[in-house]
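Hi,

Here is the structure I promised to pass on to you. Have a look at it first, and then read my notes below.

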Amino acid sequence: LGLEVIGAVKSPGFLEGGDFYPVGKDLCMLGVGLRSNVEAAEQLMREDLFGTQRVAVVHDLFEQDQTRMHLDCVFNILGRDVVILSDDVIGEESPTRRLVTEYIRDPRVKDPKLGMYKVIREGVEFSRYLIENGYTIIPLTRQQQLEYGCNLLNLGNGNIIACHSDACREIIKSDAFKGNIELVEFESITAMYGGLHCSSQVVRRRPPVEQFGN
């Protein structure tokens, strides 16, 4: 692809893309649990590879189920202020709740484990964290989640493609969602335990520099 590799996660760290969400210049989220671990998150902070002021590590401590192996299996971002979340992980009393540890980048910090990052809070229930950060949550059922209802793809500017019709209806019914959503056939991929977000990768390219002769 002609892309420069600027870093790599090394053992004992491991990380898969379905656990990572860039939220903006200020914040990114990384799920840790079955397929990604805290060691990977710490490596990325230590090498200053996240590129955001804050990092929210979303811990799957209580479930670690193969059908919900990544953060994108239970959660997705639809826009600047609206998300979807599987309803059975919502709430302080949920037996499958996710908990957030939030880190902030401070150039004055020189931590051997975290580089310029430091923990500012931990043990925050995920849905509470989302609400505190200004998001409206559209809940989807566990059955919709199991059928890849959460695993949709945000193309930007309010444009969403999804592969689950009932999830699309729930999103469209919400006054919080102001974008456009298109349903696509994706059964051949979901049959192999993959969804739309799982099948994508973000590539940022810069325009080539013009070369001028003498």
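Leu114 sits in the loop between β6 (99-105) and β7 (117-125); strands here are DSSP runs of E with at least two residues, helices are runs of H or I with at least four, and both are numbered from the N terminus. With 10% relative accessibility, Leu114 counts as buried, a word that stands for under 20% relative accessible area, while exposed is over 50% and partly exposed is in between (1.4 Å probe, protein chains only). What does Leu114 touch, leaving out residues up to four places away in sequence? Its contacts, meaning heavy atoms within 4.5 Å, are Glu42, Met45, Arg46 and Tyr103. Met45 is 69 residues from Leu114 in sequence, yet their C-alpha atoms are 5.4 Å apart in space.

Before you go on, some ground rules: this is a predicted model, local features need pLDDT of at least 70, side-chain atom pairs count only at pLDDT 80 or more, and totals for chains, interfaces and linings use all residues. Residues are numbered from 1 along each chain as its sequence is written, and side-chain values use heavy atoms, with hydrogens and water left out.

Now the sheet. Three strands make an open sheet with mixed pairing, in the order β4-β5-β8; two strands pair if DSSP finds at least two bridges between them. β4 (75-79) and β8 (136-140) are at the edges with a single partner strand each, so one side of each has no neighbour in the sheet. From one strand to the next, the twist averages 25°; for angles, axes are lines fitted to C-alpha atoms (for helices over the stretch in contact), and values run from 0 to 180 degrees between N-to-C directions.

β4 and β5 run antiparallel, joined by 4 bridges, and a hairpin of 2 residues links them. Phe75 has Leu85 in β5 as its bridge partner. On the β8 side, β5 (residues 82-86) pairs in the parallel sense over 5 bridges, and Leu85 stands opposite Pro139. Helix α4 (residues 165-173) packs on this sheet and touches β4, β5 and β8, with its direction at about 150° to that of β8.

Is β5 buried or exposed? 5 of its 5 residues are buried, so β5 is largely enclosed by the rest of the structure. In a regular strand, side chains alternate between the two faces of the sheet. In β5 both faces are covered, with Val82, Ile84 and Ser86 buried on one side and Val83 and Leu85 buried on the other.

Most residues other than glycine have a negative phi, and most peptide bonds are trans. Ser11 and Pro12, however, are joined by a cis peptide bond, with omega about 15°, and Pro12 is in the segment before β1 (20-22). Tyr148 has a positive phi, near 70°, and lies in the loop between α3 (142-146) and β9 (153-156). Asn157 also has a positive phi, near 55°, and is found in the loop between β9 and β10 (159-162). Tyr148 is buried, with a relative accessible area of 15%, whereas Asn157 is exposed, at 80%.

Happy exploring!
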